[in-house]
Amino acid sequence: MRARNVERWASRVLRGRARNAQRTTHNAQRASQAGAALLTAMLTVTLVATFAAAAMWQQWRAIEVETAERGRIQSAWILVGALDWSRLILREDSLAQGGDGTDNLSEPWAVPLQEARLSTFLAANRNVAQVEDASTDTADAFLSGQITDQQGLLNLRNLAGDKQVDATAQRQFARLFDYLGLPRQQLDQLAQAVLLATTREGGTDNTLLLPQSVAQLGWWGLPQQSVTALAPHVTLLPVRTLVNLNTASAVVLWASADGLDMADAQRLVQRRESQYFRNLADAAELVRGSSAISASTHAVASHYFEVRGRLRLDGAVVEERSLVFKQRGDVRTLWRERGGLSALDDTAPGPKMPRPTSIP
């Protein structure tokens, strides 16, 4: 009897343990399923957030690209208009009735345009403060620029004579190199490079590439320090030119004339501030030796001008530089350069264009 009771008790205990084991296994399965569901939900949220962020970034990028492209196109058109305006000023100067045919720093083209809102120019024309096209906002557009006489500088092209280096131009640049403390070897290297770049007899394979501006003289192996030192005093034009007595600096005047000292050059600059030179004879009267001022090296008029413009629009800055050729009734653009211009522009003679305090 007692053995039977023990068996019954043991059977109940075993059945209870089995039910508890089943219950524990079921609870563990439910907990595992809940964890998997939570992990799946987290992964889904992560994927959705990633796709949403990618879509927003793509949309933001498309908007930024479109905005930048629109600003670039608007800036280009405005700078083209500024160039046409400068050409008109030079053309009117060449056609001025009663003019004496000279180019001097008292003429309208020599006055730099200080940075001003573009809307002020529109307001001056029919009292329009904003253009009707809503896609073009001129409220935050600032324009500045200036015209510089390139014949007020020593022209590197003059170094190339008839199959040899021009002796007169070499003396002029020798004086300039001595004044700037540059070695004569660099002058000889520069003169030979100009001569080779402008001759065609050796064939195109032996012809050096002719730079478009002074900032590109490094192509010929000239050190950057020398290029920076020369930039305020020299230029590179398509043809040989004369030095304009009415626009050249005292250093250029002194270097361009044989037998002229610096005191005479400064006297010429001081005189033209009150009265510009109408002819070479007016300048020759102020120097000791009249032979220093010669029609073969000097003039009182110019044909080549550099037009520089700067547009600041919505935090972006676009610059353009153009070389124009002027003769009576005709002003032609020879080349244009747009974008981030060389820092050598800051060393150019004449008034400087104002720069914004920060450029994003």
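Modeller: Buried means under 20% relative accessible area, exposed over 50%, and partly exposed in between, with a 1.4 Å probe and protein chains only. This is a predicted model: local features need pLDDT of at least 70, side-chain atom pairs count only at pLDDT 80 or more, and totals for chains, interfaces and linings use all residues. Residues are numbered from 1 along each chain as its sequence is written, and side-chain values use heavy atoms, leaving out hydrogens and water.

Colleague: How many helices and strands does the chain have?

Modeller: Helices (H or I, at least four residues) and strands (E, at least two) are DSSP runs, numbered from the N terminus. Of the 360 residues, 38% count as buried. The count of elements is eight helices and nine strands.

Colleague: What share of the contacts with a separation of 6 or more comes from residues 24 or more positions apart?

Modeller: Contact means heavy atoms within 4.5 Å. Among contacts with a separation of 6 or more, the share from residues 24 or more positions apart is 64%.

Colleague: Where does Thr 102 lie, and is Thr 102 buried or exposed?

Modeller: Thr 102 sits in the loop between α1 and β1. Its relative accessible area is 4%. Therefore Thr 102 is buried.

Colleague: Which side chains make a polar contact with the side chain of Thr 102?

Modeller: A polar contact is a pair of N or O atoms within 3.5 Å; within protein, one must be able to donate a hydrogen and the other to accept it, and residues adjacent in sequence count only if both atoms are side-chain atoms. At 2.8 Å, the partner is Asp 100. At 3.3 Å, the partner is Asn 104.

Colleague: Which backbone nitrogen does the side chain of Asp 103 reach?

Modeller: Asp 103 also lies in the loop between α1 and β1. Asp 103 is at 2% relative accessibility, so it counts as buried. Setting aside neighbours within four places in sequence, its contacts include Trp 109, Asn 246, Val 300, Phe 305 and Lys 326. The backbone nitrogen reached, at 2.8 Å, belongs to Ser 302.

Colleague: How many Å apart in space are Gly 101 and Arg 328, C-alpha to C-alpha?

Modeller: Gly 101 lies in the loop between α1 (2-94) and β1 (113-117). Gly 101 is exposed, with a relative accessible area of 56%. In sequence, Gly 101 and Arg 328 are 227 residues apart. In space, C-alpha to C-alpha, they are apart by 9.2 Å.

Colleague: What phi does Lys 163 take?

Modeller: Lys 163 is in the loop between β3 and α3. At 65% relative accessibility, Lys 163 counts as exposed. Most residues other than glycine have a negative phi. Lys 163 has a positive phi, near 65°.

Colleague: Which residue caps the N-terminal end of α3?

Modeller: Helix α3 covers residues 167-180 and reaches 20 Å from its first C-alpha to its last. That is close to the expected 20 Å, the expected span being 1.5 Å times one less than the number of residues. A side-chain oxygen lies 3.2 Å from the backbone nitrogen of Thr 168, and the capping residue is Asp 166.

Colleague: Which residue just after α3 takes a positive phi?

Modeller: The position directly follows the helix. Phi there is about 75°, and the residue is Gly 181.

Colleague: Which elements do the buried residues of α3 pack against?

Modeller: The buried residues of α3 include Ala 169, Phe 173, Leu 176 and Phe 177. They pack against β3 (154-155), α4 (184-198), α5 (224-230), β4 (234-235) and α6 (250-256).

Colleague: At what angle do the axes of α3 and α4 cross?

Modeller: Axes are lines fitted to C-alpha atoms, for helices over the stretch in contact, and angles run from 0 to 180 degrees between N-to-C directions. The two axes come within 10 Å. They cross at roughly 145°.

Colleague: Is the crossing of α3 and α4 left-handed or right-handed?

Modeller: A crossing is left-handed if the near helix is turned anticlockwise from the far one by less than a right angle, and right-handed if clockwise. The crossing of α3 and α4 is right-handed.

Colleague: By class, which residues make up the contact of α3 with α4?

Modeller: The α3 side includes Phe 173 and Phe 177, and the α4 side includes Leu 187 and Leu 190. Ala, Val, Leu, Ile, Met, Phe, Trp, Tyr, Cys and Pro count as nonpolar, Asp, Glu, Lys and Arg as charged, and the others, Gly among them, as polar. By class, the contact has five nonpolar, two polar and three charged residues.

Colleague: What covers the buried residues of α4?

Modeller: Among the buried residues of α4 are Leu 187, Leu 190, Val 194 and Leu 195. The cover includes α3 and α5.
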